[in-house]
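Work through the exercises below with the sequence and the model side by side. Try each task before reading its solution.

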Amino acid sequence: MNTDITALLEIEWSTILPFLMPVVILNISLIGVALYDWVKRKDLIATPYSWLMAILLVQSLGPILYLVIGRKVIRNDYSQKS
């Protein structure tokens with residue numbers, strides 16, 4: 001395992017940052033939109049806390065999976081039918 005962090009000091013961050021910032025902003029926006037939707041719909045979706053963990057821990061892919069799949073999985077509440 002390489003633990004030498006001096007390589008990070010040799011990187012020219014001013015050339016990388018313009019390409020890196022849109023990715024970071026997109027990722028933060030996806031997490032924000034997914035969290036906003038999760039808060040609004042957490043009583044309706046099945047397994048809401050597992051989706052919350054996916055949104056927060058699986059960067060970029062978790063919010064996309066929640067917005068595409070997680071919103072459609074509706075909780076079946078059989079206690080209200082009888």
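**Exercise 1. Is Arg41 buried or exposed, and what does its side chain meet?**

Step 1. Find the residue: Arg41 is in helix H2. Helices are DSSP runs of H or I with at least four residues, and strands are runs of E with at least two, numbered from the N terminus.

Step 2. Check its cover. Arg41 counts as buried because its relative accessibility is 17%. Buried means under 20% relative accessible area, exposed means over 50%, and partly exposed is in between, using a 1.4 Å probe and protein chains only.

Step 3. List its contacts. Leaving out residues up to four places away in sequence, Arg41 touches Tyr66, Arg71 and Ile74. Contact means heavy atoms within 4.5 Å.

Step 4. Look at Arg71 again. A polar atom of the Arg41 side chain lies 2.6 Å from the backbone oxygen of Arg71.

A note on the source: this is a predicted model, where local features need pLDDT of at least 70 and side-chain atom pairs count only at pLDDT 80 or more, while totals for chains, interfaces and linings use all residues. Residues are numbered from 1 along each chain as its sequence is written, and side-chain values use heavy atoms, with hydrogens and water left out.

**Exercise 2. How many salt bridges does a search of the whole structure find, and which residues are linked in a network?**

Step 1. Count them: the search finds two salt bridges. A salt bridge is a side-chain nitrogen of Lys or Arg within 4 Å of a carboxyl oxygen of Asp or Glu.

Step 2. Take the pair inside helix H2. Arg41 and Asp37 form a salt bridge, with their closest N and O atoms 3.9 Å apart. They are four residues apart in helix H2, so about one helical turn separates them. Asp37 counts as buried because its relative accessibility is 10%.

Step 3. Take the other pair. Asp37 also meets Arg71 in a salt bridge, at 2.8 Å from N to O. Asp37 lies in helix H2 and Arg71 in the segment after helix H4 (61-70), so this pair ties together parts that are 34 residues apart in sequence. Arg71 is partly exposed, at 32% relative accessible area.

Step 4. Join the pairs: Asp37, Arg41 and Arg71 are linked in a network of salt bridges.

**Exercise 3. What is the geometry of the aromatic pair formed by Trp38 and Tyr49?**

Step 1. Recall what to read off. A pair of aromatic rings is described by the distance of the centres and the angle of the planes.

Step 2. Search the whole structure: there are two aromatic pairs. One of them is Trp38 with Tyr49, an edge-to-face pair at 5.7 Å centre to centre and 70° between the planes. Rings of Phe, Tyr and Trp (its six-membered ring) pair if their centres lie within 6.5 Å; planes under 30 degrees apart count as stacked, over 60 as edge-to-face and the rest as tilted.

Step 3. Trp38 lies in helix H2 and Tyr49 in helix H3 (residues 48-57), so the pair ties together parts that are eleven residues apart in sequence.

Step 4. Compare their cover. Trp38 is buried, at 6% relative accessible area, whereas Tyr49 counts as exposed, at 54%.

**Exercise 4. Where are Thr47 and Ser60 found, and what is the phi of each?**

Step 1. Most residues other than glycine have a negative phi, and most peptide bonds are trans.

Step 2. Take Thr47. Its phi is positive, about 45°, although Thr47 is not a glycine. Thr47 is in the loop between H2 and H3.

Step 3. Take Ser60. Its phi is also a positive value, near 65°. Ser60 is found in the loop between H3 and H4 and is partly exposed, at 32% relative accessible area.

Step 4. Find a residue that touches Ser60. Asn27 touches Gln59 and Ser60, not counting residues up to four places away in sequence. Asn27 lies in helix H2 and is buried, at 16% relative accessible area.

How values were computed
A polar contact is a pair of N or O atoms within 3.5 Å; within protein, one must be able to donate a hydrogen and the other to accept it, and residues adjacent in sequence count only if both atoms are side-chain atoms.
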